[in-house]
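Let's take a walk through a protein chain together, one piece at a time. Have a look at the picture below and keep it beside you as you read.

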Amino acid sequence: MQQHGNPDKDIAARRKADPAHWRLATAIRALSMDAVEAANSGHPGMPMGMADVATVLFRNHLKFDAAAPNWFDRDRFVLSAGHGSMLIYSLLYLTGYEQMSIDQIRNFRQWGSITAGHPEFGHAEGVETTTGPLGQGIATAVGFAIAEEAMRAQFGEALCSHKTWVIAGDGCLMEGISQEAVGLAGHQKLKNLIVLWDNNDITIDGRVSLSDSTDQLKRFEASGWRTLSCDGHDPADIERALADAASGKDDRPVLVACRTIIGFGAPNKQDSSGVHGSALGAAEIAAAREALGWEAPAFTVPEDILADWRAIGARGRAEREAWAARVDAAENRDEFARRISGGVSERLAPTIAALKQQALASKPKVATRKASEMVLEVVNPELPETLGGSADLTGSNNTKTKDLGVFTPENRQGRYIHYGIREHGMAAAMNGIWLHGGLRPYGGTFMCFTDYARGAMRLSALMGLPVTYVMTHDSIGLGEDGPTHQPVEHLAICRATPNTLTLRPCDLIETAEAWEIALSSESTPTVMALSRQNLPLLREDAGAENLSARGAYVLREASAAPRVILMASGSEVEIAVTARETLEAEGVPTRVVSVPSMELFRDQEAEYRRQILPAGTVRVAIEAAVRQPWDWLLLGERGREEASGFIGMTGFGASAPAPTLYKEFGITAEATVAEARRLLG
């Protein structure tokens with residue numbers, strides 16, 4: 001690998017070479033050492049190793065204003081190597097972010113502080129995304145860069161033109177999601193994405209060579225990136241590389257390999273795994289202070305150094321004010337303000353209401369994946385903020401509508417992204433697109449492949465991002481592809497994830513309501529579980545109320561006080577309706593409850609839940625998946641074990657046509673009737 005300078009140069013010589021830079025960077029190192037030591041927990045090595053690179057970045061290149069952390073046209077800074085969180089916390093404090101006080105630095109990793117062990121979005125202004133699971137930051141940054149390109153194309157460079165800077169470590173580049181992200185970014189020619197690789201050759205186990213021998217520069221070059229290198233402890237060489245990276249001399253994203261020494265300045269522990277994930281200890285900190293020439297007490301930054309850092313934090317003010325003036329003068333000012341606010345479009349509700357009425361009149365029998373497409377066909381023209389996509393399953397997910405156009409390097413106005421076979425990278429990019437602002441992303445794959453996207457989906461929930469996951473082929477109903485593609489446990493996993501809304505609609509009207517819920521969400525991601533097989537329209541009314549927003553509701557009422565309640569979601573609601581007809585014909589009053597969302601039903605008032613699920617009845621739940629999430633409706637909510645049954649899956653599926661599978665696995669109206677009879681005695 002090409003290197004510039006000698007990172008092993010004596011510390012004393014480096015101190016003399018650029019004293020002003022040295023003092024600024026050493027403040028980061030000192031605060032990082034002190035905070036980790038006070039917590040007796042954390043990773044001091046990376047902040048100490050990357051302090052020089054971060055100083056040059058914030059001092060000379062990053063466009064930001066610490067007094068306005070959420071300025072829309074700021075550069076985005078993503079610390080993908082989130083274990084080095086004290087790097088960003090130190091920078092936020094030093095540059096003057098109001099929330100990041102010295103007390104927050106003192107309380108690193110403690111209860112109630114905003115300085116969590118890994119950076120968390122929503123805790124501290126200036127933290128653009130939650131990182132820590134390695135690779136997520138660089139993949140999310142691809143979404144930031146996509147969104148910047150899209151918003152610039154829609155609103156012009158005067159309102160949107162900025163860069164996304166990422167600090168990533170060896171671990172980020174080893175995680176598989178990184179290649180999904182790198183490949184997508186290179187293909188899309190995201191020229192304003194710049195990754196600074198902390199190339200320190202150390203992981204927790206020891207040298208990188210224990211587990212990896214990848215030539216990262218060649219890897220990135222092969223993926224369509226421009227690559228540069230620098231001595232990560234030489235400010236002049238860092239400046240050369242960062243200036244080149246920021247020049248935009250061509251349309252490729254840029255990787256800068258910054259050769260660094262982990263724990264730089266800790267004389268006995270630097271350049272070893274011993275400085276990766278534990279406090280240095282009092283003796284080593286004392287030795288490091290001496291080597292670094294830092295005489296200030298713990299958690300103290302000399303006034304002159306702090307003043308210099310605060311000046312760095314304020315240098316973007318004039319640029320921000322000029323941007324604000326351009327926004328005020330723009331013809332599309334109001335629409336721009338609406339878009340970047342993330343608010344719900346006033347056009348959504350009437351569009352959905354009209355479609356529901358049309359559905360009631362035409363009564364189409366379509367798969368809910370097709371129903372979803374029908375919703376998007378009327379919603380996408382009304383909501384220019386939607387940005388769709390699919391992980392190479394566009395024709396199966398039905399996620400592309402004719403008005404969108406494809407987002408490419410040649411057409412940034414396109415609103416549909418071909419993510420390729422990159423489920424995890426797609427999910428992380430959607431997180432970044434939402435976090436950037438101005439767009440509402442949705443993306444599709446098969447329900448079974450939520451497994452492949454799980455890490456990023458979990459972060460959607462953790463950060464409270466209302467992205468929409470269009471997960472089709474949601475059961476054994478997909479048929480011949482077999483058990484590798486047939487989800488049985490995935491609904492349970494999604495429902496078990498905190499702050500995740502799982503919606504499994506039964507027909508076009510419920511699908512329209514599901515999309516209205518998803519596109520109205522402000523802080524919760526939605527998993528849309530959609531069928532491959534055609535389903536009849538079961539709703540008999542399309543009133544103003546969004547019944548799916550109740551989570552569960554009476555779809556078919558019993559002829560008298562119900563003796564049996566049949567509960568189902570999605571494609572199995574049709575089975576429940578058919579079973580009810582048989583039971584009613586036998587004189588058994590039977591109610592059908594459609595349950596498109598367990599989470600939303602759980603949120604309803606107790607009295608409503610009591611009305612829907614009264615005590616003293618037999619209950620049977622029907623779903624082509626595992627029983628686990630249904631137990632709270634079968635055994636709780638006034639239910640009784642001896643009066644409860646489940647029609648569904650107890651194992652994996654098989655390869656056969658869908659009707660055969662439903663029959664062989666006993667997910668039928670006949671089996672439902674038989675179970676109800678058994679429970680009635």
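Helices here are DSSP runs of H or I with at least four residues, numbered from the N terminus, and strands are runs of E with at least two. Please bear in mind that this is a predicted model.

Our first stop is helix α15, which covers residues 348-362. Its 15 residues reach 21 Å from the first C-alpha to the last, close to the 21 Å expected at 1.5 Å a residue. Just after α15, K363 takes a positive phi of about 50°. Which residues of α15 are buried? They are L348, T351, I352, L355, K356, A359 and L360. These buried residues pack against two other helices, α16 (368-379) and α21 (508-520).

Next, let's turn to strands. Strands of a sheet pair through backbone hydrogen bonds, and the pairing can be parallel or antiparallel. Find strand β7, residues 254-259. Five of its six residues are buried, so β7 is largely enclosed by the rest of the structure. Which strands pair with it? Strand β3 (residues 193-199) runs parallel to β7 and is joined to it by six bridges. Within this pairing, W197 stands opposite A257 of β7. Strand β6 (residues 226-231) also pairs with β7 in the parallel sense, over six bridges. Here the bridge partner of S229 is A257 in β7, so you meet A257 in both pairings. To get from β6 to β7, the chain crosses through helix α10 (residues 235-246), and this β-α-β crossover is right-handed.

Now move along to another sheet region. In which order do the six strands of the open sheet lie? The order is β9-β8-β10-β11-β13-β12, with parallel pairing. At the edges you find β9 (416-418) and β12 (501-503), each of which pairs on one side only. Neighbouring strands of this sheet are turned by 20° against each other on average, direction ignored.

Look more closely at two neighbours in that order. Strand β11 (residues 468-472) and strand β13 (residues 526-530) pair in the parallel sense over five bridges.

Methods
Residues are numbered from 1 along each chain as its sequence is written. This is a predicted model: local features need pLDDT of at least 70, side-chain atom pairs count only at pLDDT 80 or more; totals for chains, interfaces and linings use all residues. Side-chain values use heavy atoms; hydrogens and water are left out. The expected span of a helix is 1.5 Å times one less than its number of residues. Buried means under 20% relative accessible area, exposed over 50%, partly exposed in between (1.4 Å probe, protein chains only). Contact means heavy atoms within 4.5 Å. Two strands pair if DSSP finds at least two bridges between them. Axes are lines fitted to C-alpha atoms, for helices over the stretch in contact, and angles run from 0 to 180 degrees between N-to-C directions. A crossover is right-handed if, with the strands pointing away from the viewer, the path from the first strand over the helix to the second runs clockwise.
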